[in-house]
Amino acid sequence: MKARLISLSILLVLFLFFKKSHAQSIDPWVISASAPDPSNYYGETVANGMIGIVSSPLPFQVKDVVLAGAYDLYGRGRVSNFLKSFNLLNMHFSVDGADISSKNISGMKQTLNMQRASFNTSFSYSDKATISYTYYALRQLPFTVLMDITVQAKKDIEITAASVMEAPDALRDVQNYYNEIDRPHALISLLTSTAKSPTGKLLMCASNTFIFNEPRGQEPRLIHEMWDNNMHLLKFSHKIRAGESYRFSIAGSSITSAHDEDPLNEAERLTIFAKLQGTQRLIEFHEKAWSDIWKTDIQVTGDEQSQQDIHSMLYHLYSFTREGTSFSLSPMGLSGLGYNGHVFWDADLWMFPALLVLHPEMAKSMIEYRYERLDAARKNAFAHGYKGAMFPWESAASGVEETPVWALSGPFEHHITACVGLAAWNYYCVTQDKDWLREKGWPIISATADFWASRVERNGPGHYDINNVVAADEWAENVDNNAFTNGAAKVLLQHATEAAGLLGLKADPDWAVVSENIPILQLNGITREHAKYNGEGIKQADANLLAYPLKLITDPVQVKKDLAYYQTRVPNQGTPAMTQAIFALLYARSGQGDTAFHYFRDAYIPNLNPPFRVIAETKGGTNPYFATGAGGILQAVIMGFGGLDITPGGIVQIPSKLPSGWKKLTITGVGEDKKNYTVQ
């Protein structure tokens with residue numbers, strides 16, 4: 001009897017342990033928030049590389065709809081800015097005449113499913129109904145979104161649902177349209193709006209429609225209402241019996257004259273196309289597209305939270321990028337209007353390499369963006385008295401300089417020109433596509449090499465100085481011989497000569513001379529950040545970038561000395577996530593897995609905002625989602641812990657060290673040939 005009691009006690013302990021373990025299990029693909037607090041809420045983005053939808057804590061609302069490539073001037077810094085699109089998914093919803101709001105619902109839960117790229121909200125309304133809706137930025141249709149709504153009645157009820165089309169404040173000359181297309185098999189009702197951007201440069205258009213499951217002629221009757229010049233709606237009512245559920249959807253499209261010459265008609269055509277596909281087919285095609293994307297994945301065994309966070313970083317980069325375009329990424333992707341939607345070195349140095357290794361076809365869009373703006377970069381070099389091409393620090397639609405005048409980075413942060421050239425070289429290295437290198441890569445690489453050959457000041461052997469720049473560490477303004485600027489120029493010039501050889505072209509012999517004579521300064525045995533640097537605090541990694549990604553410093557002793565020195569120069573606040581990411585990457589490559597893991601977590605854990613663990617730019621920051629940081633941290637995982645390395649012969653794997661808490665790291669679907677790599 002005593003033995004039996006002991007056995008039962010052991011079983012009870014084991015049961016409680018496993019129950020607790022199961023309760024604490026973290027889903028690698030799903031992030032949920034119960035009863036989200038509107039006063040401490042940072043929205044999650046669902047995007048397809050062209051259109052981004054930012055969540056709201058309010059029922060049947062989304063915060064923003066953002067379109068890639070839609071820019072105009074409207075007051076902020078006298079430069080182009082991202083435009084908000086029409087909010088084509090907002091709804092008014094009532095049950096038995098009572099409007100649904102955050103004040104009269106209970107049990108609200110919001111869920112981001114990263115695997116399906118969907119965002120769901122569910123809640124109860126009194127004792128009458130349970131309501132759930134899920135929206136998608138459809139991956140197969142770049143300009144189209146879908147919201148799928150289900151109402152489960154607990155009592156006999158009548159619902160009224162209104163799709164509301166409202167123009168953002170910055171748009172002008174709003175025009176609202178309602179159109180019905182009557183066919184024997186379908187009645188198509190289109191709620192459409194157009195408006196001009198602030199200067200009139202763009203025409204922005206949006207259109208949506210209801211999708212019902214009832215046969216033709218049995219759908220609810222629709223009523224169009226014009227509320228004011230900036231808002232109109234389309235609504236219906238429907239009775240639902242107790243115990244039954246009712247499902248309907250809204251499909252909509254948004255497009256501008258930056259994307260299509262006839263955006264009004266195209267918005268309506270795309271919406272009609274989506275309606276006649278039907279909700280189920282739209283979701284199936286969307287999920288198939290994301291299933292194909294996720295064939296390239298990063299899998300961590302032994303650390304559930306890191307696995308979920310890595311999936312979140314991958315999800316956001318995949319969401320913000322789209323194959324077959326010539327758009328690049330702003331620091332905040334499609335999560336809002338941060339940094340005016342401009343493209344910086346963030347795209348070329350921080351986000352591009354991770355995407356290039358995992359999805360070269362997505363990364364290609366980013367380098368195509370630079371190629372199409374090469375002529376503007378040539379004019380920029382000419383205006384500053386240089387040869388070749390000088391890429392702007394901030395770029396938008398046209399490729400001209402878009403940095404506000406008060407920021408000195410515009411005229412002086414020249415290292416971006418090397419970053420663009422290196423991105424083109426790395427695209428060739430991963431794809432081994434010589435036709436692309438000849439047609440598009442070589443014009444970028446040779447033009448940026450010509451820039452650096454003209455940019456240096458030739459003050460004798462070993463003193464081809466690059467003076468008066470804003471450093472990669474942007475707290476250092478108008479300094480001479482900045483470590484990263486000089487190093488990036490040296491490496492770019494070397495690769496330009498190498499690219500010429502691969503193509504059977506004659507390289508400019510001056511490139512090699514200039515590269516050999518650009519100095520990399522020293523200070524008491526460490527790589528000196530710039531000519532006047534004497535140990536000040538730094539905003540972000542600069543000298544450490546010479547070890548990676550430049551691979552200009554390869555001596556392990558020097559790499560560790562530079563790490564040990566500069567990691568003490570980074571303050572706890574006000575610095576971006578990429579700095580600690582580079583520390584993590586270099587420590588993993590040097591065999592110090594646990595030290596690397598400390599910096600891996602330090603790169604983003606203090607930057608997380610509720611309720612979906614979205615990354616802000618800095619510790620305690622409130623400007624998510626910081627896609628630049630995600631790109632840097634993913635490089636720490638892929639190139640640091642995973643040991644993958646981009647070389648002229650393709651992707652190789654070099655020795656690295658995992659954290660002690662990670663049992664295995666698997667990276668699937670890498671590169672053009674979709675190889676798998678494992679570290680244990």
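Where is the place of Pro-611? In this predicted model, Pro-611 sits in the loop between strand 24 (608-609) and strand 25 (614-615), where helices (H or I, at least four residues) and strands (E, at least two) are DSSP runs numbered from the N terminus. The model is predicted, so local features need pLDDT of at least 70 and side-chain atom pairs count only at pLDDT 80 or more, while totals for chains, interfaces and linings use all residues. Residues are numbered from 1 along each chain as its sequence is written, and side-chain values use heavy atoms, with hydrogens and water left out.

**Backbone geometry**

- The peptide bond that leads from Pro-610 into Pro-611 is cis, with omega near 0°.
- A cis peptide bond also runs from Pro-624 to Tyr-625, with omega near 5°, and Tyr-625 is located in the loop between strand 25 and helix 16 (627-641).
- Asn-524, a residue other than glycine, has a positive phi near 50°; Asn-524 belongs to the loop between strand 22 (522-523) and strand 23 (526-527), and with a relative accessibility of 76% it counts as exposed (buried means under 20% relative accessible area, exposed over 50%, and partly exposed in between, with a 1.4 Å probe and protein chains only).
- Asp-173 is likewise not a glycine and has a positive phi of about 55°, and its place is in strand 13 (residues 172-183).

**Salt bridges**

- Searching the whole structure gives 21 salt bridges, a salt bridge being a side-chain nitrogen of Lys or Arg within 4 Å of a carboxyl oxygen of Asp or Glu.
- One of them pairs the side chains of Arg-116 and Glu-287, at 2.4 Å from N to O; this pair links distant parts of the chain, 171 residues apart, with Arg-116 in the loop between strand 8 (105-113) and strand 9 (118-125) and Glu-287 in helix 3 (residues 279-293).
- Arg-116 is partly exposed at 31% relative accessibility, and Glu-287 is partly exposed at 28%.
- Asp-173, described above for its positive phi, forms a salt bridge with Arg-172 in which the closest N and O atoms are 2.7 Å apart; Asp-173 is partly exposed with a relative accessible area of 41%, and Arg-172 is partly exposed with 33%.
- Asp-292 and Lys-295 join through their side chains in a salt bridge of 3.3 Å, N to O, in which Asp-292 is partly exposed at 31% relative accessible area, whereas Lys-295 is exposed at 57% relative accessibility.

**Helix 4 against helix 5**

- The axes of helix 4 (residues 304-320) and helix 5 (residues 345-358) come within 11 Å and cross at roughly 90°, where axes are lines fitted to C-alpha atoms, for helices over the stretch in contact, and angles run from 0 to 180 degrees between N-to-C directions.
- Helix 4 is therefore roughly perpendicular to helix 5, given that angles under 35 degrees count as roughly parallel, over 145 as roughly antiparallel, 65 to 115 as roughly perpendicular and the rest as oblique.
- From helix 4, Leu-314, Leu-317 and Tyr-318 meet Met-351, Ala-354, Leu-355 and Leu-358 of helix 5, with contact meaning heavy atoms within 4.5 Å.
- The residues of this contact between helix 4 and helix 5 divide into 7 nonpolar, no polar and no charged (Ala, Val, Leu, Ile, Met, Phe, Trp, Tyr, Cys and Pro count as nonpolar, Asp, Glu, Lys and Arg as charged, and the others, Gly among them, as polar).

**The two sides of helix 7**

- Leu-374, Ala-376, Ala-377, Asn-380 and Ala-381 are buried in helix 7 (residues 374-383).
- Viewed down the axis of helix 7, the buried residues fall within an arc of 155°, so they line one face of the helix, the arc being that of the directions from the helix axis to the C-beta atoms.
- These buried residues of helix 7 pack against helix 6 (360-372) and helix 10 (434-455), while Asp-375, Lys-379, Phe-382 and Ala-383 are exposed on the other side of helix 7.
- Gly-385, with a positive phi near 85°, follows helix 7.

**Surroundings of Ile-646**

- Ile-646 lies in strand 26 (residues 644-647) and counts as buried at 13% relative accessibility.
- Leaving aside residues up to four places away in sequence, Ile-646 touches Leu-356, Val-357, Asn-426, Cys-429, Val-430, Lys-551 and Met-639.
- Ile-646 and Tyr-427 are 219 residues apart along the chain, and their C-alpha atoms are separated by 9.4 Å.
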